Amino acid sequence: MYSALVGKFLEEHKEQFHHIGLELWKNPELLFQEHFAHQLLTDYLERNGFAVQREYAGLTTAFRAEIATANYITGCESHPTVAILCEYDALPQIGHACGHNLIAEVGVAAACAARHVLLHAEWSKSPAKIVVLGCPAEEGGGGKITLINNGAFRDIDFALMIHPHYSDVLYVATLGIERVIVRYTGKASHASCGPWDGINALDAAISAYNSVSLLRQQMKPDWRVHAIISGCSEAVNVIPENSVSEYYIRCLLPEDLPILKEKVTRCFESAALATGCKLSLEWDPMRYLPLRSNHVLADIFGRFAKDEGIVYEPDPGLMGSSDIGNVSNVIPTIQPKVSLGKLALIHTKEFATLAGSPDAQPYALRAAKIIALTTLELFDSPGLRAAAQKEFNMAFKKIPDEPEI
């Protein structure tokens, strides 16, 4: 019913949306430094009828842009609010190798297309609000976690976002992640004249690394641990007094994270005991939770995707981590993977090149259309909204309060 309207709007404005994605790609910004992206996106949304709040919810590079139908009543349970999320931070050295420039482009395009239908199509009588939520610092900063903690999702019913990928995947899962910096402190000494007087912090780091490697035999298939030794004494003829390592610990199930964390911590402690070093652990407070895709929302997205000729393949199980998982623990959420038509893995130079290529644009435009149609379908269907919320409540055991008598 509204597919043609959305498609026509996106086709007529595709050069504007391509410009947004390309400008973000040309100007990559790291976490919490996305000032160019913040201005570009908020200026465009404001020019196109959205009420914009900049520097939103305590983050200088976050924003909220919204538009509501004339009959929308704030706080009314039957008047839904759908948030379309945008990410726009880049990676060190390799820029938009995760395609966040396209996530932002798709989010803005989808919101503008849905707005066009809501406000200008005679058939649409559904009270509704669209929110475009600008979410900085996904690449390690946990921007969405701060937004959650500061109440940004309190009045939002559903969250939608896509992620560029090399294949189309509907029911996406991500791994929860704990990050830790491991520091060992020993005692320096001349490595040749008096090594017996030293306490070797590098030995401790290597011992811990090897212990974790031995632990892999007892890890579940969906557990991941990976690390780098990022710092050490520089003189070869000096017993290293200090060493610094960084570890990522990931699990598919949130209840597994503390179990694996304890096992890995014992590896760190045993290395300190064996070498005589002092151990210091700095755990990142921004813990990313696993994404639990809402299947009702995903099925709506999938239905419109199939109308666009998308054929879903089994997920090969290549899972990273994202703070979108934390959002999925608060409200019904999806983040389908969207193919860009070429076999390139995210966080590589090849994917960065693809994310800024004209070849990616038809796929971005198609994804924007599907997100817009999913948004409109939620507005038009109280039954689907109720089903999505029921699935979420059951998955997280969120029991609604009983009505007052």
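**Exercise 1. Determine in which sense β2 and β4 pair, and over how many bridges.**

Solution. Helices (H or I, at least four residues) and strands (E, at least two) are DSSP runs, numbered from the N terminus. Two strands pair if DSSP finds at least two bridges between them. In this predicted model, local features need pLDDT of at least 70 and side-chain atom pairs count only at pLDDT 80 or more, while totals for chains, interfaces and linings use all residues. Residues are numbered from 1 along each chain as its sequence is written, and side-chain values use heavy atoms, with hydrogens and water left out.

Step 1. β2 and strand β4 (residues 129-134) are antiparallel and share 6 bridges. A65 is placed opposite V132 in β4.

Step 2. Strand β1 (residues 51-54) also pairs with strand β2 (residues 63-68), in the antiparallel sense and over 4 bridges. Here R54 faces F63 of β2.

**Exercise 2. State the strand order of the open sheet formed by 4 strands, and identify which strands stand at its edges.**

Solution. Step 1. The order is β8-β9-β7-β10, with antiparallel pairing.

Step 1. β8 (223-232) and β10 (278-283) each have a single partner strand, so one side of each lacks a neighbour in the sheet.

Step 2. From one strand to the next, the twist averages 20 degrees; axes are lines fitted to C-alpha atoms, for helices over the stretch in contact, and angles run from 0 to 180 degrees between N-to-C directions.

Step 3. β8 is joined to strand β9 (residues 242-251) by 9 bridges, and V225 stands opposite I249 in β9.

**Exercise 3. Describe how α6 and α7 lie across the strands, and how the axes of these helices cross.**

Solution. Step 1. α6 lies across β7 (176-185), β8 and β9, at about 15 degrees to β9. α7 lies across β7, β8, β9 and β10, at about 10 degrees to β7. Contact means heavy atoms within 4.5 Å.

Step 1. The axes of α6 (residues 201-215) and α7 (residues 257-275) come within 8 Å, crossing at roughly 140 degrees.

Step 2. Residues making this contact include A204, A208 and V212 of α6 and V264, F268 and A271 of α7.
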